[in-house]
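Me: I'd like a close look at a single part of this model, with the cut-offs spelled out as you go. Here is what I have open.

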Amino acid sequence: MRHSELNLVSKDRQMIQVSGLTKYFGPQKLFEDVTWQIDRFQRTALVGHNGAGKSTILKIIAGELDADGGSVMIPKNMTLGYLPQEITSMDTKPAIDLVLSGKQYLLDIEAELEVLQAQVEASPTPELIAQFGEKQHIFETEGGYRLRAEAQSIMASLGFRNDELHKLTTEFSGGWQMRILLARLLLSKPDLLLLDEPTNHLDIESLAWLESFLAGYPGILLIVSHDRAFLNHVIDGVCSLDENGLLQFPGNYDHYLEMREALEEQLEKTAEAQRHEIAEKQAFIEKFRYKATKAKQVQSRVKQLEKMESVQLLQNRKKIRFHFPQPERPPQVLLELRNVSKSYGDNVVYRNLDFRIYRGDKLALVAPNGAGKSTLIKILANIIPFEGERLLADRVHLAHFAQHQVDALDFSKTLLEEAGADLPNTITMTMLRAALGAFLFTNEDVDKPVSVLSGGEKNKLALAKILLRAPNLLLLDEPTNHLDLDSREALERALMDYPGTIVVISHDRWFIDKVCNKIASIDHGRIDIFEGTYSEHEAFMAAQAAETQAAQPEPENPNAKKQKRIEAAQQRDAIRKATKHLSERVKKLEAETGALEDAIKQVDAQLADPETYKDSGKIRELTTRKSELETQLETAFEAWMTAQAELDEAMSQFE
């Protein structure tokens with residue numbers, strides 16, 4: 001850092017301290033004199049409006065950006081990992097290799113072992129043998145032999161298929177590249193993990209796994225996220241950064257809102273009492289200012305007023321208040337797909353799909369990434385080729401907000417120029433400025449180039465452009481990405497009041513729950529519609545699962561227990577028959593893995609015997625054998641885990 005310092009303190013202190021941190025962008029102050037102990041809570045959310053400086057603080061702590069003042073102190077032996085909000089560059093290598101680089105020191109030890117092995121073969125001195133044994137012990141203790149299996153498990157949990165693990169990183173989209181970086185960080189398990197919007201590119205299933213992983217994370221977490229449900233599941237403390245400085249609250253995000261509201265009420269009452277006290281003292285001073293008998297009391301009250309510190313109220317930011325223009329009323333069926341099919345090469349996403357959108361629908365598309373949500377949105381928007389019919393009714397004005405809508409903005413224009421580009425003639429400059437003002441873009445902001453806006457501000461600009469067109473059918477693909485929590489809540493309120501029809505993709509479960517009245521689950525090209533909110537859909541699915549698993553009521557006859565035992569035996573027999581081949585494969589692979597581990601131990605025992613090193617041919621034979629066994633063990637272990645997962649999935653069908 002130029003003006004601030006990244007100091008390393010003894011790890012024994014176990015304290016991560018930010019002191020007096022200050023940052024300017026040109027003449028504009030972003031934040032000033034920010035001081036706090038980061039590890040006061042184990043899993044902390046840093047929250048605040050777009051542009052408050054949250055991402056900047058993470059970059060400064062990570063050493064990616066210089067501050068203009070202050071210091072960051074971390075224990076000198078503490079490891080640090082940082083996930084940025086946006087990728088600037090990425091090494092071109094197989095995805096699994098980049099993930100494995102999260103434990104680069106183990107890869108380095110592995111390479112050193114190969115070199116030492118060759119040296120031992122050539123000259124089996126006691127020193128080399130001891131060095132080889134020490135390195136091998138470290139490699140094994142640190143989980144080197146399990147490293148690749150662990151990396152594959154994390155990548156699978158984040159949605160990567162086995163056939164994608166060795167694809168080059170540059171062949172993935174930006175969202176999947178972020179998943180690769182996240183997988184690398186989670187594999188490395190740093191002592192301090194900084195995550196800037198880690199949920200932006202995850203589907204709901206991957207998000208649920210990440211929540212579970214982070215909830216039990218052994219290190220210190222500092223997270224910037226605008227996903228309310230995610231924060232409620234993961235964090236145990238909140239740091240709020242805004243015009244008031246930085247305030248800390250224990251608990252999850254909902255608890256933070258309650259405590260902040262209570263604090264605001266308390267400060268208001270204290271401020272009101274102070275105003276009343278000041279008024280009384282000032283009245284006394286004015287009334288008895290010129291009475292000699294009261295001079296002492298007057299001077300006492302004057303001094304009391306001079307010493308009195310004003311109660312500082314929390315500076316409530318302006319809320320975004322915007323409403324959609326009243327759209328034209330469309331027919332009952334706005335858009336219909338008939339016998340629609342769509343494939344990407346050999347990958348069939350939809351075959352002979354029929355789908356209708358009705359007036360008043362606020363429909364959420366829910367499915368894992370790759371199931372076809374964005375493809376369906378693009379078909380509905382008619383922006384990709386497909387087979388079949390797409391029937392758009394008269395009087396339907398469709399607007400499509402793509403997942404990367406900000407990429408369509410012209411960064412060379414000012415905010416006002418870009419917002420007004422290609423708008424209908426009916427939109428006046430007054431209406432345009434009012435719409436931008438509703439998104440908290442001030443008169444000074446509208447002359448800024450789009451290039452300097454934050455990710456959230458660009459998203460709001462793209463949304464504002466859509467609103468000005470008064471659509472009656474909105475197709476929204478991840479509209480809340482990069483929006484701060486206040487902006488999300490404002491968008492929720494606007495969409496709840498919106499009289500038109502919505503089809504939305506979002507991984508923000510809170511947002512879906514507030515906005516949507518229908519859930520469309522996509523599974524292998526089939527769409528099932530549920531009438532109700534996301535929470536109701538989840539409760540329904542859980543109830544269905546529980547009903548399937550529930551035991552049949554006990555028959556009311558003397559042979560009820562016997563019949564129940566017979567049915568249970570029949571059920572067990574059915575499970576055994578259905579999963580016999582998988583169970584046998586798991587047992588076989590487990591035995592194979594155990595045998596390979598025993599074989600490696602036997603080779604290690606021979607390599608540890610000094611007599612072995614009297615025969616260079618024997619050394620070469622043993623080290624080659626060990627390398628072969630380790631390769632076989634890695635393959636067998638991966639196959640064992642895959643087979644076990646298949647068996648678990650098959651068994652779950654009978655639960």
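Reply: Happy to. A note on the ground rules: this is a predicted model, where local features need pLDDT of at least 70, side-chain atom pairs count only at pLDDT 80 or more, and totals for chains, interfaces and linings use all residues. Residues are numbered from 1 along each chain as its sequence is written, and side-chain values use heavy atoms, with hydrogens and water left out.

The order you asked about is 15-16-17-13-18-19, in an open sheet with mixed pairing. Strands here are DSSP runs of E with at least two residues, helices are runs of H or I with at least four, and both are numbered from the N terminus. Two strands pair if DSSP finds at least two bridges between them. At the edges stand strand 15 (398-401) and strand 19 (526-531); each has a single partner strand, so one side of each is left without a neighbour in the sheet. From one strand to the next, the twist averages 15 degrees. For such angles, axes are lines fitted to C-alpha atoms, for helices over the stretch in contact, and the angles run from 0 to 180 degrees between N-to-C directions.

Inside the sheet, 3 bridges pair strand 13 (residues 362-366) with strand 17 (residues 501-505) in the parallel sense. One place to look is Lys362, whose bridge partner in strand 17 is Ile502. Helix 15 (residues 485-497) packs on this sheet and touches strand 13, strand 16 and strand 17, its direction making about 125 degrees with that of strand 13. Contact means heavy atoms within 4.5 Å.

Helix 15 also holds Glu489. With a relative accessibility of 18%, Glu489 counts as buried; the classes are buried under 20% relative accessible area, exposed over 50% and partly exposed in between, using a 1.4 Å probe and protein chains only. Leaving aside residues up to four places away in sequence, Glu489 touches Arg228 and Tyr253. With Arg228 there is a polar contact between the two side chains, at 3.4 Å. That term covers a pair of N or O atoms within 3.5 Å; within protein, one must be able to donate a hydrogen and the other to accept it, and residues adjacent in sequence count only if both atoms are side-chain atoms.

Another helix to inspect is helix 14, which lies across strand 15 and strand 16 (473-477) and runs at about 175 degrees to strand 15. After helix 13 comes Leu440, with a positive phi near 65 degrees.

Finally, look at the hairpin of strand 11 and strand 12, which has 2 residues between its strands. Strand 11 (residues 333-344) and strand 12 (residues 347-358) pair in the antiparallel sense over 8 bridges, and Leu337 has Phe355 in strand 12 as its bridge partner. In the turn, Gly345 has a positive phi of about 65 degrees.
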